[in-house]
Amino acid sequence: TLSKAVGAHGGFVTCSRDMKQYLLSTMRGLVFSTALPIPVIAAASTAVRIGTGEEGEELRRRLHANARSLRSALHTDASA
């Protein structure tokens, strides 16, 4: 879902198989029916706008530069 892809909203349950089956059998109507809160929709919309625009391109360039710098530093430290 977009909520999980954007990381702004969502949840999970850790339980036994029997509990999972029980929850799915008795609560199926609630599992995928909860509407996203308006702030989460705004956050997702903004993230998509930034990610697809010029600002997103600049952020990706910085991310790649930082990753190269980290790899280089880690490689240098590992060689020492």
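One salt bridge was counted in this predicted model, a salt bridge being a side-chain nitrogen of Lys or Arg within 4 Å of a carboxyl oxygen of Asp or Glu. R61 pairs with E58, and their closest N and O atoms are 3.3 Å apart. Side chains of opposite charge can pair when their charged atoms come close. Both residues belong to helix 4 (residues 54–79). They are three residues apart, so about one helical turn separates them. R61 is partly exposed, at 47% relative accessibility. E58 is also partly exposed, with a relative accessible area of 35%. Here buried means under 20% relative accessible area, exposed over 50%, and partly exposed in between (1.4 Å probe, protein chains only).

The model is predicted: local features need pLDDT of at least 70, side-chain atom pairs count only at pLDDT 80 or more, and totals for chains, interfaces and linings use all residues. Residues are numbered from 1 along each chain as its sequence is written, and side-chain values use heavy atoms, with hydrogens and water left out.

The chain has four helices and zero strands. Its elements run α-α-α-α from the N terminus. Helices (H or I, at least four residues) and strands (E, at least two) are DSSP runs, numbered from the N terminus. Of the 80 residues, 5% are buried. The accessible surface is about 6900 Å². Carbon and sulfur atoms hold 61% of that surface. Areas come from the Shrake-Rupley method with a 1.4 Å probe; for residues, only the protein chains shown count as cover.

Helix 2 (residues 17–31) is kinked by about 60°, with the kink centred on S25. The bend at a residue is the angle between axes fitted to the seven residues ending there and the seven starting there. The end C-alpha atoms of this 15-residue helix are only 16 Å apart. A straight helix would reach 21 Å, as the expected span is 1.5 Å times one less than the number of residues.

V31 lies in helix 2 and is partly exposed, at 37% relative accessible area. Together with M27 and L30, V31 forms a nonpolar surface patch of about 260 Å² accessible area. Patches are made of residues with over 30% relative accessible area and no salt bridge; like charges are joined within 9 Å, nonpolar side chains (Val, Leu, Ile, Met, Phe, Trp, Tyr) within 5 Å.

C15 sits in the loop between helix 1 (2–6) and helix 2. C15 is partly exposed, at 35% relative accessibility. Neighbours within four places in sequence aside, C15 is in contact (heavy atoms within 4.5 Å) with K20 and L23.
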